[in-house]
Amino acid sequence: MAVALIKERYQNKVGEVIIGATAAEGGTRTSVIKVGGDAALPFLHFEGKIENRTVIAMEVTDIPPAWNDIIKSQFGDVLNDPAAWAKRCVEECHADMIYLKLIGASPEGENRSPEECAKVVKDVLAAVGVPLIIVGCEDPEKDNELMAAIAEATAGENLLIGIAEQDNYKSIAAAAMVHKHNVIARSPLDINICKQLNILISEMGLPLNRIVIDPMIGGLGYGIEYAYSIMERARLGALANDKMLSMPMICTVGYEANRAKEANAAEEEFPGWGDLNDRAILWETLTATALLQVGASILLMRNPAAVRLVQQNINDLMENA
Amino acid sequence: MIIIGERINGMFKDIGDALRNKDAKPIQEWALKQQEGGAHYLDVNSGPAVPKEERPAAYEWMVKVIQEVSEIPLCLDSTNYNAIEAGLKLLKRPGMINSCPAEREKIERVFPMAVQYNAAVIGLTMDNKGIPKDAENRIAFAMELVAAADEFGLPIDELFIDPLILPCNVAQEHAPEVLESIRMVKTLSNPAPKTVLGLSNVSQNALDRHLINRTYLAMAMSAGLDAAIMDANDDDLVDVAATCEILLNKSIYADSYLKVFRQR
């Protein structure tokens, strides 16, 4: 008896979001990134077209970050120069995008002005040709001010900007709408809030194909399974024609994986855990690879060694496309 | 939950008059109004307003004028299969045939036609002897319809079994039997056929029809109902459909779920 391959038929696809704009489209990028568009569960090429590969955006900060030495030592002197740092991520690590986090704007830190921050963004835009993701310093008031200024100063570049949240989305969504950028919609590991936030943003008039979902993942060992099941549910919802869950998803892998103790504690302290260098790379790698299996479209990563491993994993998973 | 708007039916005076006067306006208005209310399909029935021999032309005309204003797929409702076929030929999107009883002669006319025009079929659990009372006999007819789908190559999830609800004031004992029938239909095959009801029948000539309709809709959805031919502009009724989808975990909750349910 012949074996019939069981193929699920889905009603809909994940929505496609385009980030970046070339000169012809009014921007200055040398290429654009398309994410989403998948017509099946992750990498099930036999069931439907996996339209776009998952991309990796490497994290760059405007002032040197408080990261561990394992990561910092791989970047050396460029940590003081966001433009040079971004350039290295693209040229040496083949990052698909740059994820620029403006921690220098924090009112409790350097409290940099929106104008200063916009200049950093401009510098990075001049240094690299890949599309950019820009987020603020996680102070809601400051970020609203910041992102409004940056959205205006970079009009035409079609950035992905963040973060819109349920109790603070109007200002950033308006900035994205007026200056034609895309928005990250973040919800605290809650699919109901995730869906409602997308509804609220779209009711302001921002098209659904300009929204990217940030489900606020947990890192490996610290709640990743909650994010995993929520992302799976969102993907199944998208395929079953739930338009308010059909956006591509972005995951803050670098941040969540590297704040785990396992990615920072030396072998001398925990002999049972083995070599820190390998462990730190794998902690970020495994966080990313697990989330690839539930439909992550954009992985925000830090460690170049982990980036290389995940790039290889994505290549392997796309091989039969 | 698939809502099939019931309003474009010659039994209603305004639609009957529109058919007699070839006045497209009321038909088009109801098409848009039902679409706005939350309908996914529009039922199209000339009723007795058009003489038998003119029905194919009348269905062609109704399909044409509705499709001028709305993209919603149509559910062609007639016992005159020539009229249905005339309408099917003009459909821009795959439609639905309403309906076919479990009678061999009619199955042989309807099922190949459905396959040819890529349409779904509403299959009635009855034959020329009438509607059975208990669930077991309804299911026997449902099985014949399922076998017919297999025989003629109609995808099983394009078959909508209608276990035929009757007015609760004169045929009260039918209502629980219909709920049981809906449950049993879901066990007939894998994938299972879909189920549909002509919902408003349950409250025919009863007092407070809206309350009866929406209560029965919730009960039937809980039993596994997939679709209903119903009043798409009864907002409370559409709210019940949306809420059942949430409580059956068929749609993911969000605070604006009532609104989202009506969006396309």
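Select Leu282(A), Leu286(A) and Leu309(A): they make a nonpolar surface patch with about 250 Å² of accessible area together. Patch members have over 30% relative accessible area and no salt bridge, and nonpolar side chains (Val, Leu, Ile, Met, Phe, Trp, Tyr) are joined within 5 Å. Areas come from the Shrake-Rupley method with a 1.4 Å probe. A salt bridge is a side-chain nitrogen of Lys or Arg within 4 Å of a carboxyl oxygen of Asp or Glu.

This is a predicted model: local features need pLDDT of at least 70, and side-chain atom pairs count only at pLDDT 80 or more. Residues are numbered from 1 along each chain, and chains are lettered from A in the order written.

Stay on Leu309(A). This residue lies in helix 10 (residues 304-318) of chain A. Helices are DSSP runs of H or I, at least four residues; strands are E, at least two.

Next, select helix 2 (residues 82-93) of chain A. Buried residues here include Trp85(A), Cys89(A) and Val90(A). Buried means under 20% relative accessible area. Their cover includes helix 1 (69-75), helix 3 (114-127) and helix 10 of chain A. After helix 2 comes His94(A), with a positive phi near 55°.

Finish at Ile150(A). Among the residues it touches are Leu102(A), Val121(A) and Leu159(A), not counting residues up to four places away in sequence. Contact means heavy atoms within 4.5 Å.

Conventions:
Side-chain values use heavy atoms; hydrogens and water are left out. Patches are made of residues with over 30% relative accessible area and no salt bridge: like charges are joined within 9 Å, nonpolar side chains (Val, Leu, Ile, Met, Phe, Trp, Tyr) within 5 Å. Buried means under 20% relative accessible area, exposed over 50%, partly exposed in between (1.4 Å probe, protein chains only).
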